Amino acid sequence: MPKLSSREFNHNPGKAKQSAAQGAVVITDRGRPTHVLLTWADYRRLVQRQSRLAAALGMEEAEPIDFESPRHEAGFHRCPELED
């Protein structure tokens, strides 16, 4: 991921935009990452992916799943027996 210092970003925003067309660009301040520059299209894809995941996790129409985790004896972990 390309990096630009805040000074480089301020002196040449066109270079930052060109770099962002290839992927995210990290903007640093005193050597530490502080910002990320993305194209609008990349940002929208990122936001849409997050909203789809959030929607999938909150689906009200999904059937409930019964699950009971296996118990183990007094501090000893046993691997479950697998059928052939």
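A search of the whole structure finds one salt bridge, defined as a side-chain nitrogen of Lys or Arg within 4 Å of a carboxyl oxygen of Asp or Glu. The structure is a predicted model, in which local features need pLDDT of at least 70, side-chain atom pairs count only at pLDDT 80 or more, and totals for chains, interfaces and linings use all residues. Residues are numbered from 1 along each chain as its sequence is written, and side-chain values use heavy atoms, with hydrogens and water left out.

The salt bridge joins arginine 45 to aspartate 42. Their closest N and O atoms are 2.3 Å apart. Both residues belong to helix 3 (residues 40–57). They are three residues apart there, so about one helical turn separates them. Arginine 45 is partly exposed, at a relative accessible area of 47%. Aspartate 42 is also partly exposed, at 23%. Here buried means under 20% relative accessible area, exposed means over 50%, and partly exposed lies in between (1.4 Å probe, protein chains only).

The chain contains three helices and three strands. Their order along the sequence is β-α-α-β-β-α. These elements are DSSP runs numbered from the N terminus, with helices (H or I) of at least four residues and strands (E) of at least two. The chain has 84 residues, and 11% of them count as buried. Its accessible surface comes to about 8200 Å². Carbon and sulfur atoms account for 53% of that surface. Areas were computed by the Shrake-Rupley method with a 1.4 Å probe; for residues, only the protein chains shown count as cover. Contacts, meaning heavy atoms within 4.5 Å, were also counted by sequence separation. Among contacts in the chain with a separation of 6 or more, 11% link residues 24 or more positions apart.

The largest nonpolar core has five residues: Leu4, Ala16, Ala20, Val25 and Ile27. Such a core is a set of buried Ala, Val, Leu, Ile, Met, Phe, Trp, Tyr and Cys residues joined through side-chain atoms within 4.5 Å. Helix 2 (13–20) and strand 2 are the elements that give two or more residues to this core. In soluble globular proteins, nonpolar side chains tend to be buried together.

Isoleucine 27, a member of the core, touches Leu4, Ser5, Ser6, Phe9, Arg32, Pro33, Thr34 and His35, when residues up to four places away in sequence are not counted. Threonine 28 lies in strand 2 (residues 25–29). At 9% relative accessibility, threonine 28 is buried. Beyond its neighbours within four places in sequence, threonine 28 contacts Lys3, Leu4, Ser5, Ser6, Pro33 and Thr34.

Histidine 35 sits in strand 3. With 52% relative accessibility, histidine 35 counts as exposed. It touches Val25, Val26 and Ile27, leaving out residues up to four places away in sequence. Histidine 35 and serine 6 are 29 residues apart in sequence, and their C-alpha atoms are 9.3 Å apart in space.

Arginine 30 occupies the loop between strand 2 and strand 3. Its phi is near 55 degrees, a positive value in a residue other than glycine. Most residues other than glycine have a negative phi. Arginine 30 is exposed, with a relative accessible area of 81%.

A nonpolar patch on the surface is formed by Val36, Leu38, Trp40, Tyr43 and Leu46. Together they have about 500 Å² of accessible area. Patches are made of residues with over 30% relative accessible area and no salt bridge; nonpolar side chains (Val, Leu, Ile, Met, Phe, Trp, Tyr) are joined within 5 Å, and like charges within 9 Å. Helix 3 gives the most to the patch, with three residues. Leucine 38 lies in the loop between strand 3 (32–37) and helix 3. Leucine 38 is partly exposed, at 31% relative accessibility.

The structure holds one aromatic pair. Tryptophan 40 and tyrosine 43 form this pair, which is tilted, at 5.4 Å centre to centre and 35 degrees between the planes. Rings of Phe, Tyr and Trp (its six-membered ring) pair if their centres lie within 6.5 Å; planes under 30 degrees apart count as stacked, over 60 as edge-to-face and the rest as tilted. Both residues lie in helix 3, three residues apart, about one turn of the helix. Tryptophan 40 is exposed at 62% relative accessibility, whereas tyrosine 43 is partly exposed at 37%.
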